[in-house]
Structures are given as C-alpha cells and as structure tokens.
Amino acid sequence: MFENISCNDGEKRDRNVKEVEAESVAYVVCCRLGIDTSDYSFGYVAGWSKNKALPELKASLEVIRSTAAWIIDAISPERGTAPPEKKAQKIYTR
C-alpha cells in the first residue's frame, strides 16, 4: 500500500525507514479506529529504528502524519470527517 506513496522531496528511503514509517502509520490509523496495537507496534518500530539518529527519525514524522491523515480521511464514513474517537481495544499478538 505504501509503495506508491512517495516523499515530496523525491528522496529515496532505505528499508529501515520504510518499515518505521509504515508501521507508525498503521499504529496511528489503528489508534484512531480504537484498536490498540502498541504491544506489537512499539517493538517493531524499535527494532527497525535501532541505530538511527534522532534527526533521521524526526525526518519521518511528516510522512507518518500526512499518510495517516490521508488514510483516515479515505476510510471515514463521510469523506473529510474523521471517525469518532473510541476507547482503544487491545489486540493480542503472539
């Protein structure tokens, strides 16, 4: 899904950055829908972001924010209106 989303600056991103951004977007969207994936997502992002400097991670924040907002808007019942906040439900993973 995220392979077709490019950064505005045309910059090539390595796999670690793509994994961090994709899982972070999934986490934000799931949270918005009331699904708690933190048990899985935090460890996954930590693993892929290992040895990355803070400026490198900060560089991904706008990609994460804008992509999550785009997805939330696209799946909202009324386009342009985000779904109502729900209490997060825990998802259990192995």
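Predicted model: local features only at pLDDT ≥ 70, side-chain atom pairs only at ≥ 80, totals over all residues.
**Ground rules.** I number residues from 1 along each chain as its sequence is written, and I keep in mind that local features need pLDDT of at least 70, that side-chain atom pairs count only at pLDDT 80 or more, and that totals for chains, interfaces and linings use all residues. Side-chain values use heavy atoms, with hydrogens and water left out.

**Overall layout.** I looked up the secondary structure and found 4 helices and 2 strands, where helices (H or I, at least four residues) and strands (E, at least two) are DSSP runs numbered from the N terminus. Along the sequence the pattern reads α-β-α-α-α-β. Of the 94 residues, 29% count as buried, a term that I take as under 20% relative accessible area, with exposed over 50% and partly exposed in between (1.4 Å probe, protein chains only). The exposed surface comes to about 6,900 Å², of which carbon and sulfur atoms supply 56%; the areas are from the Shrake-Rupley method with a 1.4 Å probe, and for residues only the protein chains shown count as cover. For contacts (heavy atoms within 4.5 Å), I note that residues 24 or more positions apart account for 71% of those with a separation of 6 or more.

**Core.** I then turned to the largest nonpolar core, which has 6 residues: Val25, Val29, Ile64, Ala68, Ile71 and Ile72. Such a core is a set of buried Ala, Val, Leu, Ile, Met, Phe, Trp, Tyr and Cys residues joined through side-chain atoms within 4.5 Å. Helix H1 (15–32) and helix H4 (61–75) are the elements that give two or more residues to this core, and H4 supplies the largest share, 4 residues. Leaving out residues up to four places away in sequence, isoleucine 64 touches Glu21, Ser24, Val25 and Val28.

**Helix H2.** In H2 (residues 38–48) I listed Ser38, Ser41 and Val45 as the buried residues. Viewed down the helix axis they fall within an arc of 70°, so they line one face of H2; the arc is that of the directions from the helix axis to the C-beta atoms.

**Aromatic pairs.** I counted 3 aromatic pairs, taking rings of Phe, Tyr and Trp (its six-membered ring) as paired if their centres lie within 6.5 Å, with planes under 30 degrees apart stacked, over 60 edge-to-face and the rest tilted. Tyrosine 27 and phenylalanine 42 have ring centres 5.2 Å apart and planes at 50°, so this pair is tilted. Because tyrosine 27 lies in H1 and phenylalanine 42 in H2, the pair ties together parts that are 15 residues apart in sequence. Tyrosine 27 is partly exposed at 22% relative accessible area, whereas phenylalanine 42, at 52%, counts as exposed. The pair of tyrosine 40 and tyrosine 44 is stacked, at 5.5 Å centre to centre and 25° between the planes. Tyr40, Tyr44 and Trp48 form one aromatic cluster.

**Loop residues.** Serine 60 sits in the loop between helix H3 (54–59) and H4, and is buried at 4% relative accessible area. Asparagine 51, in the loop between H2 and H3, has a positive phi of about 70° although it is not a glycine, and is exposed at 75% relative accessible area.
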